[in-house]
Amino acid sequence: MGKLVLYGLEASPPVRACKLTLHALGLQYDYKLVNLLAGEHKSKEYTLKNPQHTVPLLEDDGICIWDSHAIMAYLVRKYGKTDELYPKDYYKRAVVDQRLHFDSGVIFQGCIREIALPVFHHNQTEVSKSKIDGIYSMYDFLEAFLGTQEYMTGATLTIADFSYVSSVSGLLGLAPVQEQRYPRLSAWLERMEQLPNYRSSNGNGAQMLIDMLAAKITKVN
Ligand SMILES: N[C@@H](CCC(=O)N[C@@H](CS)C(=O)NCC(=O)O)C(=O)O
């Protein structure tokens with residue numbers, strides 16, 4: 001097995017999704033902190049590894065992979081003892097892939113980045129109500145994706161659940177998931193919180209993001 005290094009910072013949702021995957025697979029790895037607020041991701045050294053200058057970045061024996069969804073899929077394919085977290089079956093994999101694309105395009109880009117970027121990089125202190133409404137529309141989809149199943153793609157846990165819990169858990173300060181309106185989503189969140197290592201892989205970092213947003217945002221209008 002190669003030497004794995006994960007580059008990231010705790011508050012970042014996609015970094016936490018990779019940490020959940022690494023722990024689920026029982027993989028040892030080194031963790032290198034990249035301080036985005038200090039601009040460390042724009043350094044020459046880092047952009048040589050990841051020209052897109054995002055975290056997470058995974059180094060596996062010298063090869064570099066970035067984007068959490070690509071990293072999680074790679075880890076399961078290469079190191080998983082079974083394919084359960086990222087099934088080989090064409091249809092099951094298509095469902096997981098659909099969920100992952102929804103995370104990239106809607107949950108992370110449309111909800112988290114749209115709010116976090118102006119707040120952390122342009123000192124914006126107000127968030128529009130339409131952005132909060134957008135989060136609730138996204139929750140409506142997640143409630144529908146769950147249907148009567150326990151996990152985001154069916155009866156078993158997959159990397160789609162890691163992706164979604166890392167994203168949604170950081171938004172709970174701005175848009176709490178009310179049990180009455182979202183019974184399936186709120187039960188799923190509780191189920192995910194029972195995962196071994198949940199706190200160290202995701203819960204603590206999600207709370208950091210909630211606190212960082214709360215410290216900056218003074219008004220929703
Ligand atoms: N789709 C990417 C998103 C990665 C991303 O945008 N990460 C943020 C931190 S949460 C970042 O690195 N921002 C710095 C930048 O874009 O320069 C993934 O899943 O890895």
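Let's start at the interface: across domain 1 and domain 2, seven residue pairs are in polar contact, both residues at pLDDT 80 or more. A polar contact here is a pair of N or O atoms within 3.5 Å; within protein, one must be able to donate a hydrogen and the other to accept it, and residues adjacent in sequence count only if both atoms are side-chain atoms. Salt bridges across that interface number zero. The rule there is a side-chain nitrogen of Lys or Arg within 4 Å of a carboxyl oxygen of Asp or Glu.

A word on the model. It is predicted, so local features need pLDDT of at least 70 and side-chain atom pairs count only at pLDDT 80 or more, while totals for chains, interfaces and linings use all residues. Residues are numbered from 1 along each chain as its sequence is written, and side-chain values use heavy atoms, with hydrogens and water left out.

Now the domains. Domain 1 covers 4-79 and domain 2 covers 90-220; the bounds come from an automatic or database domain assignment. Their C-alpha centres lie 20 Å apart. Contact, meaning heavy atoms within 4.5 Å, joins 17 residues of domain 1 to 23 residues of domain 2.

How much area is buried between domain 1 and domain 2? About 1,700 Å², with carbon and sulfur atoms giving 68%. That is accessible area (1.4 Å probe) that the two parts lose on being put together, summed over both. Of the area that domain 1 buries against domain 2, Arg16, Leu20 and His69 supply 36%, more than any other three residues.

Which elements give two or more residues to domain 1's side? Helix H1 (13-24) and helix H3 (68-79). Helices here are DSSP runs of H or I, at least four residues, and strands are runs of E, at least two, numbered from the N terminus. H1 gives the largest share, nine residues.

Next, helix H6, residues 159-169. Eleven of its eleven residues are buried, among them Phe162, Tyr164 and Val168. Buried means under 20% relative accessible area, exposed over 50%, partly exposed in between (1.4 Å probe, protein chains only). The buried residues of H6 pack against H1, H3, H4 (90-121), H5 (129-146), H7 (183-193) and H8 (198-216).

Last stop: histidine 41. This residue sits in the loop between strand S2 (30-33) and helix H2 (44-49). Is histidine 41 buried or exposed? Buried, with a relative accessible area of 10%. Not counting residues up to four places away in sequence, histidine 41 touches Val34, Leu36, Tyr46, Thr47 and His53.
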